[in-house]
Amino acid sequence: MTGLPEPFAGWFAARGWTPRDHQLALIDKAREGRSVLLVAPTGAGKTLAGFLPTLVDLATRAPAELDLAGLHTLYVSPLKALAVDVARNLEAPVSEMRLPLRIETRTGDTPAHKRARQVARPPHVLMTTPEQLALLLAHRDAAALFGGLKRVVLDELHALVTSKRGDLLALDLARLHRLAPGLSAVGLSATVREPDDLRRYLVPQTTPDGEATGALADLVTVTGGARPRIGILEADKRLPLAGHTAMASIPAIFAAIAAHKMTLVFVNTRMQAEFVFQELWRINEDGLAIALHHGSLDAGQRRKVEAAMVAGRIKAVVCTATLDLGIDWGDVDLVVNVGAPKGASRLMQRIGRSNHRLDEPSQAMLVPANRFEIMECRAALDAVEEAAQDTPEARIGALDVLAQHVLGMACADGFRPDDLYAEVTSAAPYADLTRARFDAVVDFVATGGYALKSYERFAKIRAGADGKLRPATPRIAQQYRMNVGTIVEAAMLKVRLGRAPKPGRPVLGGRVLGEVEEYFAETMVPGDTFIFAGEVLRFEAVSGNEVIVTRTAPGTDPKIPSYAGGKFPLSTFLAARVRAMLADPAEWDRLPAQLTEWLETQRRKSLLPGASDLLVETFPRGGRHYLVAYPFEGRPAHQTLGMLLTRRLERARLRPLGFVCNDYGIAVWCLSDMTAAVSQGRLSLDDLFAEDMLGDDLEEWLAESALMKRTFRYCAVIAGLIERRFPGQEKTGRQVTMSTDLVYDVLRRHQPDHILLEAARADAATGLLDIRRLAQMLARVRGRIVHKPLEHVSPLAVSVMLEIGREAVYGEAAERILEEAEAALLDEAAA
C-alpha cells in the first residue's frame, strides 16, 4: 500500500495522526482508476478518505495547470447542511497545506449569479445535492461542464439509495458516466446488510452496446472500533400500553442531559419533537440551553441551532431525522432515542452521532414510551450487539422518476430514444427496464399518454429535424427547473408572528417561525392555540400562503402540528425478533417486571403469539364483537389489512363497523358475533386472511381509496404531469389535489394501464399501503392461524383497543384520558 506524499504526510504528522489503511487504500484505487465502495462505521474518517485521492491528485499539478483545470471532483450529499459542513471541514487541510484549490458548494440557497459562474468557470471540487445535480445535467452546457470530471463522491450512500432520490441519482450517475467515460465513483456508506447492492449502484451495469456486465465496484471495509454503550431507560413509573409521548420519562431524560456535555434527543416525528421540547423546558429550572431542530422550522432558525452546536453553546437538541446523517455536531457525548427506533440500522446511524470517533465508544440511551416498545428496544439492542443490519433491499427504479429524468435530458440538448434507453439501463435500479416500458414513459412525456394526448398542455417534448426530442416550448424547460426533485411534501403554509386583526386594520406579520401543513391550518379557528417552534401560539388568520399567529401563555391542551411526514414503520427484521421474544418465555428474564407480569397475564388469560403464527382473538364488548390479530408488520401494512378485512367481513354479513391498528396489531369490530360465526363454520379465518385478498378485493378498494389517490398525486407531481410551481406563481395543495384527482379518475376509466397508474401501484406496494409486506405476512401465516375465543378483552389486546377514538393531541389531559381508558380495559382483562 502506497504511503502519503508530501505535504500530506507532514500535515498528518504535525497533528500526531497516522493515516488509516482504508484512507491509503482509496488513494491506490484512485490511481488505478477504480470505482470503490467504502463501508465504515461512524468516526472512521470516511469523508476524508473520499477526498484524499482528489487532493493528492490536484496537489501534483502546476499552478498554471490548476488555474485552467475544470471540475475535477463532484461530491453529492443527501443534505444541504452536510454538503456545507464537509466543504467547511475540507477547507482546513487545503488552507493549512496551501493548496491552490477552489472548493465550492451548490445548493438551493446558492445565489443565481454564483450558480451561473459555477457553470462558466467551475471550481475544482463542487459539493452539491441530488436535485442540484439533476439541474446541472439538464443544462445545455452539461457536456462541457462534466466532460473532464474525474471522480464523483457519493456520501451517506446507504441513505440515498433507499428512496426515489436514489433513483434520480442513479440516472444522473449514468449520465455522468456517459459524459465522462473515465469517471470513477466513490461511495461512502455505513455498514449495510448487502454491500453488493451499493457496489452495483456505483458502476454501469451495461456496456455502451447494451450488454449486461454484472459489474461491481471494488469494496473496502473498515472493521473494529469501540463498541457502543447503549442502555434502556428503566422508568420509575409503569409505562402505558399505548401512546408515544414518553411523558413519564421526561425527568430522567432531563437528568441525563444535565449530566453530559451535549445530548441529541432523537424522536420519530415532528409532533413528538415539539412535545418533548416543550416538556423539557417546562421542568428546566436550571435554564439549560435546550434547542429544537426539525424539518418544518425556518431554515434560518435551524442554521442558528447548528452553529450553536458546533460552537458548543448548547446543552441539548431535540431533533428528528434532520440530524441523523454524518455531520459532526461538536462534542455530542450522549444520544437519547425517545420511543422505539423502528429499525436496527437507523438506531446505529443515530448512535453514531455520539463521540463521532472510531476509537471512542458511542453512548446512547433508549427511552421506550410504552410496554410494547420495551420489547422493540430490547430487540434493537440485541441486533446492535450482534452487528445485525436491516437495511432494505435494492430498489426497482420508479417510472415517475424516469419520466422526470427524460424531460431533464430533453432540456439538456435533446436525446434520441435509442441512446437514452442504453444509458438508463446502465443504472442499477433500471437495469431490468424493458424497452416497451421505456417507450411508454417517453410517450407519456411527449403526449401525456393515450387518454390525455388530445390536451396540448401534456405534450412536453417533440422531435426536431435532427431526430432529437427537446422541450416543446421554452416555458416547459423553465417549469422543469422549478419542479425538479422527488421530495413531495404535503402543502405547507408559513407560520408568521403577527398581531390579531382588527376591523378595518390589516394583519401585520413579523418573522417567519417555520411551516405547517395546509390541512392542519384548515382545522383551526381564530383563538385556537397550538405548540410550534417550542412556543404556545394563538391562531389568528390565514393570509395568502401564511398562517398569522400571536404569542400567548400556555393554555388548556393546545393542539400540536400533526405532520404527515416523519413516521417510521417497524422494520420486518425487528418485527421478527419481537415475535420471537414474545413466543419464548426464556427471553423474558431480560425484560422489566412490569412487562413480564403483563405477558404472564396474557398467557394465563389467552395465548401468546407464536414466532411464525398469527394469533386471532375474538370477544364481545359493549354490545359489539371484536376480532384482534397480531401480525407485527407495521402500521401501514395493518391499515391496508384493516380495509381489506372489513370488506370481507361485510360480504360475510357480519356488519363490520370499523378498525384501528398500531405497529403490532389490528382490531376490527362488528355488530355480529364473530366467535359464533367461526365456531359455526360461517366464517373461516383461513379464508378471511387468505392471500387472494390482494386480488379483486385489493383492486376494488384501491379504485376508491383516498390513499391511492394521494399516492397517484405524488407520482403525478414527480413525473411533471402536474406542476406545483409556475413562473411567478405556485399552486395550493387544494389545487394540486383537485387537478390530480380529476386526472386519476380519467385514467382509471380510459387508460387503466397508464404508466403513472403503474407507478402509483408500485409505490403502494412499499409506501403508504405497504402491500408487499402485507403479502409476505399472509404467505407466512398460511395454515398457521391460531384462534382464541374469549369472554372479554385480553391484556395484549388492550394496547390495540386504546387506539379507538384517539385524537392527534398531546398533553397531560390526553395522557390522563389514556390512563383512565387503559385502567378500565385492564380491569376487564383481569376479570
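**View 1. Phenylalanine 539 sits in strand β19, which covers residues 535-543.**
Welcome to this predicted model, in which local features need pLDDT of at least 70 and side-chain atom pairs count only at pLDDT 80 or more, while totals for chains, interfaces and linings use all residues. Residues are numbered from 1 along each chain as its sequence is written, and side-chain values use heavy atoms, with hydrogens and water left out. Strands (E, at least two residues) and helices (H or I, at least four) are DSSP runs, numbered from the N terminus. Phenylalanine 539 has a relative accessible area of 4%, so it counts as buried (under 20% relative accessible area, with exposed over 50% and partly exposed in between; 1.4 Å probe, protein chains only). Leaving aside neighbours within four places in sequence, its contacts (heavy atoms within 4.5 Å) include Ala521, Met524, Pro526, Phe530 and Val549. For methionine 524, which is 15 residues away along the chain, the C-alpha atom is 7.2 Å from that of phenylalanine 539.

**View 2. Five strands form an open sheet in the order β23-β24-β22-β21-β27.**
The pairing here is mixed; two strands pair if DSSP finds at least two bridges between them. At the edges stand β23 (656-661) and β27 (785-789), and each has a single partner strand, so one side of each is left without a neighbour in the sheet. From one strand to the next, the twist averages 20°.

**View 3. Strands β23 and β24 run antiparallel, joined by 5 bridges.**
Strand β24 spans residues 666-670, and its cysteine 670 is the bridge partner of proline 656. Lying across both β23 and β24 is helix α24 (residues 635-651), which runs at about 165° to β23. For such angles, axes are lines fitted to C-alpha atoms, for helices over the stretch in contact, and angles run from 0 to 180 degrees between N-to-C directions.

**View 4. The largest cavity has a volume of about 110 Å³.**
Of its 13 lining residues, the closest to the centre are Leu407, Gln479, Tyr480, Asn483 and Gly720. A cavity is a set of points on a 1 Å grid over the protein atoms alone where a 1.4 Å probe fits but cannot get out, and lining residues have an atom within 4 Å of a point. Grid points are joined across faces, edges and corners, and a volume is the space filled by probe spheres set on the points. Helix α20 (474-483) supplies at least two lining residues, as do α17 (399-413) and α28 (706-719); α20 gives the most, with 4 residues.

Key:
1 Å grid on protein atoms, 1.4 Å probe; cavity = no way out; pocket = protein on both sides within 12 Å on 5 of 7 lines; lining within 4 Å.
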